[in-house]
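Open the model in your viewer and keep the selection tool ready.

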Amino acid sequence: MRDTGWAFRLIAVIAPVAILAVLLPPLNAPSDLGVDNPTCERVGPGTYRIDFQFAGDRKDIEVFASARPDRIDSALPLTIIREVPADIHVPDRSGRIYFHLRAPSGATRVVAVRRLPLEGAKNFRDLGGYRSSDGRYVRWGLVYRSGYLADLTKSDYAYLNGLGIRLVCDLRAEGERLRSPTRWTGSPPEFLSVPIGPNRDGTLTADDLKRRLVALNAPSNGPIAGYDFAIKNAQQFGKILERIADGEVPAVEHCSSGKDRTGVFSAILLTILGVPRDTVIEDYLLTDRYLLAPDSLESTRAQLQKIFGLSEPLDDASVKAIMTVKPQTLEATLDVITATYGSFDRYVRDAVQLSDGDRALLRERLLEP
């Protein structure tokens with residue numbers, strides 16, 4: 001008689017696996033929250049355009065407007081979205097608005113306008129809302145990036161004080177801070193000075209500007225260089241990341257223009273959180289969109305005049321040459337990091353000196369399902 005025991009043993013192994021295959025969704029299955037990759041733009045007074053991909057079969061998403069990213073503070077939705085993009089009207093509402101998009105299952109995704117509507121800081125923006133490679137999203141309202149804060153107005157401070165900011169990390173040199181100091185109005189957050197870059201011990205001057213313009217306008221056949229301070233000053237970035245990992249949020253990190261030093265820090269943080277490189281580069285390039293837009297060009301010109309201590313404002317061509325960011329610059333920076341340390345993870349551990357525990361805390365605090 002043939003031994004058929006092996007068949008029963010094989011079935012005993014295969015059956016549970018088959019059941020799991022039925023119960024578990026594929027790794028690349030769409031989110032069950034009803035909404036994927038939402039975006040939000042202010043298109044007029046009290047009017048916001050929301051766009052996203054429907055992630056389920058049901059296409060009726062309730063929209064709630066809330067003053068907080070972590071909870072819905074109204075009983076009834078503003079509207080129900082069945083087609084995107086959709087324009088949402090929120091009249092007579094001051095302060096920051098977070099839109100909670102609730103699917104029929106009850107699961108909710110949050111979205112907000114990325115750039116804050118500040119008069120004196122045109123590049124002040126939220127790092128929330130980016131999707132990580134494992135499908136989670138960076139939480140809104142916890143980490144902001146900006147240029148200097150010296151020109152914030154009374155109404156700007158009224159807006160910012162409603163965000164509960166606890167920590168402001170200033171990447172500028174002492175001379176830069178003295179020339180354009182932050183004079184916070186209202187309940188002040190803690191200020192952390194973390195100088196980064198080639199001007200850590202001095203002030204930018206008109207001669208510095210001339211040298212930059214000559215270098216930018218000079219023909220070059222070689223590859224675009226990255227930011228060397230990403231390696232030379234890596235520990236400085238680590239000081240900020242440790243404070244965020246400790247829960248000192250909401251936090252703002254800024255330099256003078258919110259472009260280079262702030263751009264590298266933001267790229268490091270987003271990469272630690274698992275945000276894909278293409279998205280990290282897209283965030284870096286938003287500086288062009290926000291600082292060189294027609295409604296921002298004059299304020300950007302005035303800020304450059306103050307940053308470099310110029311007697312006269314720059315012409316349009318010089319403003320655009322100084323402020324334009326190139327994706328190759330950040331890409332080269334990330335490539336050099338990998339080439340120098342073997343991997344980004346090793347760079348974070350050995351150069352930034354951020355422990356595995358702090359990295360886990362960052363992900364726990366800053367990522368939502």
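The expected span of a helix is 1.5 Å times one less than its number of residues. Keep that rule at hand for the first stop. Bear in mind, too, that this is a predicted model.

**Stop 1: a helix**

Select residues 261–272, which make up helix α7. How far apart are its end C-alpha atoms? They are 17 Å apart; at 1.5 Å a residue, the 12 residues should span 16 Å, so the two values agree.

Is the helix mostly open or enclosed? Of its 12 residues, 11 are buried, so the rest of the structure largely encloses α7. "Buried" here means under 20% relative accessible area. Click along the buried residues: among them are Arg261, Thr262, Gly263, Val264 and Phe265. Further along, Leu269, Leu270 and Ile272 are buried too.

Step past the end of the helix to Gly274, which follows α7. The phi of Gly274 is positive, near 90 degrees.

**Stop 2**

Select 167–170, strand β11. Turn on the side chains. In a regular strand the side chains alternate between the two faces of the sheet. Here Leu167 and Cys169 point one way, while Val168 and Asp170 point the other way. All of these residues are buried.

Which residue of β12 is the bridge partner of Cys169? It is Leu192.

**Stop 3: an open sheet**

Next comes a sheet of 4 strands, in the order β4-β3-β6-β7. The sheet is open, and its pairing is antiparallel. Select 79–81 for β4 and 108–111 for β7. These two strands stand at the edges with a single partner strand each, so one side of each has no neighbour in the sheet.

Zoom in on β6, residues 98–102. It pairs with β7 in the antiparallel sense over 4 bridges. Find Leu101 and look across to its bridge partner in β7, Arg109. Then pick Arg102, which stands opposite Thr108 in β7. Together β6 and β7 form a hairpin, with 5 residues between them. In the turn, click Gly106: its phi is positive, about 100 degrees.

**Stop 4: the largest pocket**

Select Arg212, Leu216, Tyr227, Lys259 and Asp260. Of the 39 residues that line the largest pocket, these lie nearest its centre. The space inside is about 1100 Å³. Colour α4 (206–217), α9 (297–307) and α10 (316–323), the elements that give two or more residues to this lining. Which element gives the most? That is α4, with 5 residues. Colour the lining by type and you get 20 nonpolar, 9 polar and 10 charged residues.

**Stop 5: the second largest pocket**

Move to Arg42, Val113, Arg115, Leu116 and Pro117, the residues nearest the centre of the second largest pocket. Its lining has 23 residues, and its volume is about 600 Å³. Two or more lining residues come from each of β1 (35–44) and α8 (277–291). By type, the lining splits into 10 nonpolar, 3 polar and 10 charged residues.

Terms used: Residues numbered from 1 in each chain as written. Predicted model: local features only at pLDDT ≥ 70, side-chain atom pairs only at ≥ 80, totals over all residues. Heavy atoms only, no water. 1 Å grid on protein atoms, 1.4 Å probe; cavity = no way out; pocket = protein on both sides within 12 Å on 5 of 7 lines; lining within 4 Å. Points joined across faces, edges and corners; volume = space filled by probe spheres on them. Nonpolar A, V, L, I, M, F, W, Y, C, P; charged D, E, K, R; others polar. Pairing = 2+ DSSP bridges. Buried < 20%, exposed > 50% of the residue type's maximum accessible area, 1.4 Å probe, protein only.
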